[in-house]
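Look at the sequence and structure first, then read on.

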Amino acid sequence: MRIAQLANFVGPTSGGMKVVIETLGKGYVAAGHERILVVPGARDAVEETESGIVVSVRAPKLTPQYRMIAKPWRALEVLDRFRPTSIEVSDKWTLSPAGRWAAKRGVGSVLFSHERLSDMLAMFMRRSFGVERAVGALNRQLAKQFDAVVVTSQFAADEFAATTARLELVPLGVDLTTFHPVVGSPEDDGVLKLIYAGRLSREKSPQLAVATAVELHRRGRAVRLDLFGTGPDQAELERIAGDAPAFFHGFVDGRKELAKKYADADVSLSVCPAETFGLAVLEALACGTPVVTANRGGASELVDSTAGASGAPDPSSLADAVESLVPRLGPTLRSGARARAERYTWQSTIQRMLALHEELAVDVPYRSIRDFGRPRRDAAN
């Protein structure tokens, strides 16, 4: 097969979505298939890598961290040159026309739903009025444009309940070798060590994580919150923290280093009530670190009483959830967290995605991926 992946908002400091796209791409190539990745960049560029061809399409910055392809036809031109057997689109905005491109050419198309737009937009805009209606109309349109929509949790699937989408539930996986309990352990110094790893942006709810630590501090609990990530809301988060012991460390450049940060913590806070899955949840669990989540959202589907706790998405309830774990901290809870993570492997995710691509793929005239971007022999005719 010849699989094309397309995505916006993929940059040097990207988090979960970038991990998913890269891991799937490597899996496709390892299974003997050709793969091209189309992403926004500072300039047009084509790079051949061990995991296939990476095509950067010149695109403007929306934030200091992220770019978005503003002219979707330029990404579609790349597809015309590559001639894929199927496409996988990880964007519901400017790259969604790829679904119509595929339909016109009889090419299989998959929309990979990485976020629940209704919740994300409501949190980002700080209001819900009008959001549900607008997102509902968009989702009905997307359902018609793509042959299948991949969701990673039941919470994510619910957003498409009122559409005609063919939904495929494909949970994500975790690197169980890099993220492992042996890479670290919390110090036994009487301080409850909390960790938040993710984008410092409202749609990920870092405000709720900081407010939870503040509530524990107010109750007299000896606590420390370490935050790893970048984003536009750091100044606001620092104001919320006040004199509570919250420390901002910026982006962690390296999965092994991030794994040690998780393993050195007592509890990981992944409290966003709009998360469709929660890759950070699995990474913490794989390191043996129990997780506290909101009781709403895809992340809560990953955590049970053997691996953590959940609470209503407010600081008091989440602080109660953290407190409920304190008497249980130790080897048994860490083993339970690891066992929970071991249920989710990348190999299973890759195999399910490949089966879907194989079902949707069409036969196209062969053209080696190594010839991508080179003139065809008949170009002068």
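Reading the labels

Q: Where is Asp175 found?
A: Asp175 is in the loop between S8 and S9. The model is a predicted one.

Q: Why is Asp175 called partly exposed?
A: Its relative accessibility is 31%.

Q: How far apart are Asp175 and Thr345 in sequence and in space?
A: They are 170 residues apart in sequence, and their C-alpha atoms are 7.3 Å apart in space.

Q: Where does Asp188 lie, and what makes Asp188 count as exposed?
A: Asp188 lies in the loop between strand S8 (167–169) and strand S9 (192–197). Exposed means over 50% relative accessible area, and Asp188 has 83% relative accessibility, so Asp188 counts as exposed.

Q: What separates the C-alpha atoms of Asp188 and Ile350?
A: A distance of 39 Å separates them, and along the chain they are 162 residues apart.

Q: What makes Cys287 count as buried, and where is Cys287 found?
A: Buried means under 20% relative accessible area. Cys287 has 0% relative accessibility, so Cys287 counts as buried. Cys287 is found in the loop between helix H10 (279–286) and strand S13 (291–294).

Q: Is Pro313 buried, exposed or partly exposed, and how do you know?
A: The relative accessibility of Pro313 is 40%. The limits are 20% and 50%, so Pro313 counts as partly exposed. Pro313 is in the loop between strand S14 (308–311) and helix H11 (315–325). Pro313 and Glu301 are 12 residues apart in sequence, and their C-alpha atoms are 15 Å apart.

Q: How many aromatic pairs are there?
A: The count comes to three aromatic pairs.

Q: Why is the pair of Phe9 and Tyr66 called edge-to-face?
A: The ring centres are 6.4 Å apart and the planes are at 75°. Rings pair if their centres lie within 6.5 Å, and planes over 60 degrees apart count as edge-to-face. The pair is therefore edge-to-face.

Q: What parts does the pair of Phe9 and Tyr66 tie together?
A: Phe9 lies in the loop between strand S1 (2–7) and H1, and Tyr66 in the loop between S4 and helix H2 (72–82), so the pair ties together parts that are 57 residues apart in sequence.

Q: Are Phe9 and Tyr66 buried or partly exposed?
A: Phe9 is partly exposed, with a relative accessible area of 28%. Tyr66 has 12% relative accessibility and counts as buried, because the limit for buried is under 20%.

Q: What is the phi of Phe9, and what is the phi of Arg83?
A: Phe9 has a positive phi of about 55° although it is not a glycine. Arg83 has a positive phi of about 55° and is not a glycine either. Arg83 is in the loop between H2 and strand S5 (86–90), and at 28% relative accessibility Arg83 counts as partly exposed.

Q: How do you know that Arg116 sits over the ring of Phe155?
A: Arg116 lies over the face of Phe155, at 4.2 Å from the ring centre. The cut-off for that distance is 6 Å.

Q: Which ring does the charged end of Arg224 sit over?
A: The charged end of Arg224 sits over the ring of Phe247, 4.0 Å from its centre.

Q: Which residues of H5 are buried?
A: They are Val131, Val135, Gly136, Leu138, Asn139, Leu142, Ala143 and Gln145.

Q: What volume does the second largest pocket have, and which residues are closest to its centre?
A: The volume is about 490 Å³. Of the 23 lining residues, the closest to the centre are Val10, Gly11, Lys18, Val39 and Val54.

Methods:
Residues numbered from 1 in each chain as written. Predicted model: local features only at pLDDT ≥ 70, side-chain atom pairs only at ≥ 80, totals over all residues. Heavy atoms only, no water. 1 Å grid on protein atoms, 1.4 Å probe; cavity = no way out; pocket = protein on both sides within 12 Å on 5 of 7 lines; lining within 4 Å. Points joined across faces, edges and corners; volume = space filled by probe spheres on them. Phe/Tyr/Trp six-rings, centres within 6.5 Å; stacked < 30°, edge-to-face > 60°. Helix = DSSP H or I, 4+ residues; strand = E, 2+ residues; numbered from the N terminus. Buried < 20%, exposed > 50% of the residue type's maximum accessible area, 1.4 Å probe, protein only. Lys NZ or Arg CZ within 6 Å of the ring centre and 35° of its normal.
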